Amino acid sequence: MADTSDRGPFQAPEGTRDVLPPESARWEALIATFAGVAGRAGYGLIQGPMFEDLRVFQRMGEGTDVVRKEMYDFFDKSETPHHLALRPEGTAGVVRAFIQHNPLVPWKVWYASPNFRYERPQKGRYRQHHQLGIEAIGVADPDLDVEVIGLLHDFYAEIGLRQVELVINSIGTPADRAAYIEVLRTYLRSRADELDPDDRAKIDDHPMRVLDTKRERSIPVAEAAPKLIDNLSPEAAAHFERVQAGLTALGIAFSIDTRLVRGLDYYTHTAFEFRSGALDAAQNTIGGGGRYDGLVEDLGGKPTPGIGFGCGIERVLLTCDAEGVFPAPERAVDVVVVDVTGGDTARDLTFELRRAGLRADRFWDGRSMKSQMKQADRSGARFAVLVGSDELEAGEVTLRDLRGEAGQVRVARAAVLDELRRRLAQPA
Ligand code: HAM
């Protein structure tokens with residue numbers, strides 16, 4: 001076959017997807033549902049740049065694969081080029097914006113945005129994925145942890161998911177974390193030859209990442225490791241107790257997973273994940289987050305606590321498919337105009353109807369009645385407004401019910417809007 005690579009047809013880059021109608025209607029509905037959940041709790045939309053100074057992300061998580069191996073970074077075209085990177089996750093940019101704009105706290109924001117990670121693409125894992133998320137900055141109160149976890153829980157419930165499991169853990173204060181890393185490193189060194197070589201390589205720089213290993217050989221070592229929650233300071237233990245009590249009070253079931261450390265470096269105190277029982281274990285995390293009480297400071301701001309989560313839209317929709325919930329909402333128009341008299345009525349009436357708030361569409365190129373009616377039947381609209389030469393002469397239109405038994409009637413052109421409104425108010 002001839003090489004067409006320089007002429008197309010082009011494909012979407014590996015690991016990316018086009019979301020087209022009608023599937024995209026589910027995206028609209030999912031984002032609207034999330035906006036409702038977040039908005040009712042006082043969170044406002046944040047819309048930020050899709051790229052940042054590379055150092056924003058480096059400072060956030062130098063030790064993580066997401067930052068070290070998976071970032072899409074590039075230089076721009078300025079005279080002294082800036083080293084930039086596409087956002088691999090949402091939190092660092094929000095924290096950068098918080099420091100830059102210095103808003104009143106608590107600062108509660110939500111977002112729906114793409115993230116970019118150079119990962120090995122597979123079902124539920126993409127190079128461009130999209131997250132619904134919230135961040136709440138400026139409050140250390142453990143009841144805020146309960147609010148944040150509770151909002152994600154309620155979002156899943158609102159879209160109808162049932163097989164969702166919440167796991168939580170405490171990473172403790174930054175000092176607890178640092179002290180624990182020493183304990184853990186000593187332990188892992190003592191059992192280094194029992195570990196898979198990939199995990200052994202993490203002992204020096206990222207011992208906590210050995211805890212959530214998925215490598216068979218390492219799992220017994222990880223399971224027997226000293227636990228951070230047994231080494232928490234009294235302050236961190238009390239925080240974690242209060243979070244558990246709050247979840248229980250709100251009727252939110254959870255389990256504690258002492259090996260839950262999450263893939264990003266910035267977590268302190270509460271870390272959590274929602275997992276779906278309906279997806280393969282490798283990609284079953286449909287949302288996760290936690291506290292990041294040191295991140296504002298790490299990025300150059302005043303010490304300020306924060307907490308949030310990100311929830312993968314693609315994975316949530318895969319879960320909806322697996323559970324048979326949250327189908328694509330119907331997006332068909334209410335009315336189509338079939339005009340075989342030259343198109344003036346189609347042009348004018350569709351706009352009249354739309355300006356009056358109806359969903360209206362039409363057909364093009366002066367096709368025959370038969371061809372337009374075929375398209376009208378396929379369109380999913382409830383009514384067709386037909387305009388032939390008879391109707392045009394009489395100053396009327398024919399209103400045809402495309403779905404019910406009502407058949408068709410002639411109505412005055414001037415009365416069609418009222419008549420459609422009256423009929424659309426009745427159930428189909
Ligand atoms: P994360 O766990 O890296 O956390 O990502 C959050 C969610 O995004 C995951 O649970 C998953 O549903 C989805 N996700 C991540 N990577 C991919 C991918 N390659 N393909 C498809 N879906 C993916 C964060 O990003 C943190 N910023 C969350 C957070 C907010 N923590 C505090 N505030």
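These legends walk through a few close-ups of a predicted model. In this prediction, local features need pLDDT of at least 70, side-chain atom pairs count only at pLDDT 80 or more, and totals for chains, interfaces and linings use all residues. Residues are numbered from 1 along each chain as its sequence is written, and side-chain values use heavy atoms, leaving out hydrogens and water.

**View 1. The sheet, strand by strand.** Eight strands make up an open sheet with mixed pairing, in the order β1-β5-β6-β11-β10-β9-β7-β8. Strands here are DSSP runs of E with at least two residues, numbered from the N terminus, and two of them count as paired if DSSP finds at least two bridges between them. At the edges sit β1 and β8 (255–256), each pairing on one side only. As a rule, strands of a sheet pair through backbone hydrogen bonds, either parallel or antiparallel.

**View 2. Strand β5 and its neighbours.** Here's β5, residues 107–116, which is mostly covered: eight of its ten residues are buried, where buried means under 20% relative accessible area (1.4 Å probe, protein chains only). With β1 it runs parallel, joined by two bridges; Leu 45 stands opposite Trp 110 of β5. With β6 (residues 128–137), β5 pairs in the antiparallel sense over ten bridges. Look there for Trp 110 opposite Ile 134, and for Pro 114 with its bridge partner His 130.

**View 3. A nonpolar patch on the surface.** Met 50, Phe 51 and Phe 74 come together here, with about 260 Å² of accessible area between them. Areas come from the Shrake-Rupley method with a 1.4 Å probe, and for residues only the protein chains shown count as cover. Met 50 lies in the loop between β1 (44–45) and β2 (51–53).

**View 4. Around the ligand.** Of the 27 residues around the ligand, Glu 89, Thr 91, Glu 119, Glu 135 and Tyr 267 come nearest; to be near, a residue needs a heavy atom within 4 Å. A backbone N or O atom of Tyr 126 lies 2.9 Å from a ligand nitrogen, while an oxygen atom of the ligand is 3.2 Å from a polar backbone atom of Gly 312. The protein covers 95% of the 650 Å² of accessible area that the ligand has on its own. β10 (285–291) is among the elements giving two or more residues to the shell, and gives the most, with six.

Key: Patch = residues over 30% accessible without salt bridge, like charges linked within 9 Å, V, L, I, M, F, W, Y side chains within 5 Å. Salt bridge = Lys/Arg side-chain N within 4 Å of Asp/Glu carboxyl O. Helix = DSSP H or I, 4+ residues; strand = E, 2+ residues; numbered from the N terminus. Buried < 20%, exposed > 50% of the residue type's maximum accessible area, 1.4 Å probe, protein only. Polar contact = N/O pair within 3.5 Å; in protein donor to acceptor, adjacent residues only side chain to side chain.
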